[in-house]
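Visitor: I'd like to go through a protein model. Can you show it to me?

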Amino acid sequence: MLNDVVTMDKIVSLCKRRGFIFPASEIYGGIANTYDYGHYGVLLKNNVVAQWWKSMIQDRDDVVALDSAIIQHPRTWEASGHLAGFTDPLVDCRTCKQRFRADHLGELECGRKPSKHPGEDAQCDLTEAREFNLMFETTIGPVKEAGATVYLRPETAQGIFLDFKQVLQFARRKPPFGIAQVGKSFRNEITPGNFIFRTLEFEQMEMEFFVPPAEAQHWFEHWLRERLDWYVRLGIDPERLRLRAHDADELSHYSSATSDVEYLFPIGWSELEGIANRGDFDLTQHARYSGERLEYADPQTGERYVPHVIEPAAGVGRSMLAFLCDAYDEDEIGGERRTVLRLHPALAPVKVAVLPLLRRDGHPELARQVYEDVRRQVKAEYDDGGAIGRRYRRQDEIGTPFAVTIDHQSLEDRTVTLRDRDTLAQERVPIDGLGQLLAGRLTVE
Ligand code: ATP
C-alpha cells in the first residue's frame, strides 16, 4: 500500500526535532547541501552500514573488506576518466547570477520568479552550457603554487581497483570474488539536494565483484536480485521499489549495462543504488596508466585474463532517507495522534526503552537495574521524565520497537510489561532473560 502520509517536509522536521539530521554550519547560516548527523542519526546510520557489511562479508564468503584512502594519486582520475568526463553541463543566468544544471532546467526554479523555470521569463539571460567537473580539488604540500593538485574521491570504487593486485595476493582469492568498502565521497553538486538525497559529501557502500568475463551477465543478474532483496529484508515495501535499466544513451562511459534500484520517495521515483557491469574498463585503464599488470593468472591452467567487474554502488544517506520515508507513519491511539517510525528493529537507533511507571515506590531503582542488565545485549534507553503516554510517544517517534514498563507487580513477581511499537500489544514477561528475548527479536530474516 502506498504511504500517502509522508512528505519530505515531515521527514526533515522530524529529523531536526529529534536530532537525527540537521543542516551543517547552522550558526553561520548553513552551507549548501551539507548536513550533520546527531545522536539518533549516527545510530541509524551505523545500523544501515552494519547491515550492508553483514550482507557482504558475514552472510557470504566471497567478499573481503577494504578501507582505501580518500586522496589518491592524481593519475587515478585520469585513468578512470573522471578528470575528463565527470562533468555536469551548467548554465549561468546573467540576470539573477544563479547557476543551473542545463539538463535539469525543467525541474528548477528561476532565480527571480520561482513559479517559472530558468530561461522561461523574458528577463532570463542564460549562457551557453559549459561542462563543470564535479571533483573537489585541493593541494598537497606547504606552498599552494608549488604543491600537487589532488582530488577528493568522487566515488570509493577507484581505491578498490588500485588495490586489486594486493588483495588478490593477501586474501588468496580467485574470481569470482568481491572487494567491499564503505566511506565518504565528495561531489561538487549544484542541483538542490532534497535534504540528504543529494549532498556534497556522502557515504557510499560499494562493492566491486571480479568475475571471469564469460560469467559477467550471470553475476550482474545475481547482484540485481541480491541488492533489491536487501532493502526488502530490511522492511522496505516492495511496491515502492523497482529496478530500472539504463537506456544506451544514459550509460556511463565504463558501463555495458546498468540498472538502478529506485525507490518511490515523496519526490517521486529516484535512484537509490546503481548496479553496473563495468566490464574490464577500470583494470585495463589502471594497468595502462600505471604500467602494472592487473589481471588474474590461474595457477592450475596458466590462463591469464582481466576480470570483468559487477558493481553494486549504494549511498548511505539515500538509503537512510528511503528507510525513514518508508517507516514514517501517523496514527491515533485513544483519540491522540502519534507519529511513529516503523523501522525494522535491526535498524532502529534504540531497541528498547526502559520506563518506570512512577518516579517513586521503588520503580526507578528496579527500572535502572533492568536497564543496566538489558543494555549489555541491546541498545537501550532509560526514561523517567513525564507521563507514561508521552514517554511512549517519544520512543515511537524515533522508531524504538519495544518499551518495557516497570510497575508495582514488577516488584512482587519480577515481571514487566513489554509493549510492541506497531501492534501496541502488551505482554507480561520475566525480567530474567529479557535482554536475550529482545536480542532474539531483532534478527533480519
Ligand atoms: P545521481 O544520478 O542521483 O547523481 P549517480 O548515478 O551519479 O547518482 P552513482 O555514481 O551511481 O550515482 O553513485 C552510487 C550511489 O551513491 C547513488 O545511487 C547514490 O545512492 C549515492 N550518491 C551519489 N551521489 C550522491 C550525492 N551527491 N549525495 C548523496 N548520495 C549520492
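Predicted model: local features only at pLDDT ≥ 70, side-chain atom pairs only at ≥ 80, totals over all residues.

Visitor: What is the strand order in the open sheet of three strands?

Guide: The order is S5-S4-S6, with antiparallel pairing. Strands here are DSSP runs (E, at least two residues), helices are runs of H or I with at least four, and both are numbered from the N terminus. Two strands pair if DSSP finds at least two bridges between them.

Visitor: Which strands stand at the edges?

Guide: S5 (99–101) and S6 (130–133); each has a single partner strand, so one side of each is left without a neighbour in the sheet.

Visitor: And how many bridges join S4 and S5?

Guide: Three, with S4 covering residues 87–92. Leu-90 stands opposite Arg-101 in S5.

Visitor: New topic: helix H7. What should its 18 residues span?

Guide: H7 (residues 216–233) should span 26 Å, and its end C-alpha atoms are 25 Å apart, which agrees. The expected span is 1.5 Å times one less than the number of residues.

Visitor: Which residues in H7 are buried?

Guide: Among them are Trp-219, Phe-220, Trp-223 and Trp-230. Buried means under 20% relative accessible area (1.4 Å probe, protein chains only).

Visitor: What comes just after H7?

Guide: Gly-235, which takes a positive phi of about 100°.

Key
Residues numbered from 1 in each chain as written. Heavy atoms only, no water. Buried < 20%, exposed > 50% of the residue type's maximum accessible area, 1.4 Å probe, protein only.
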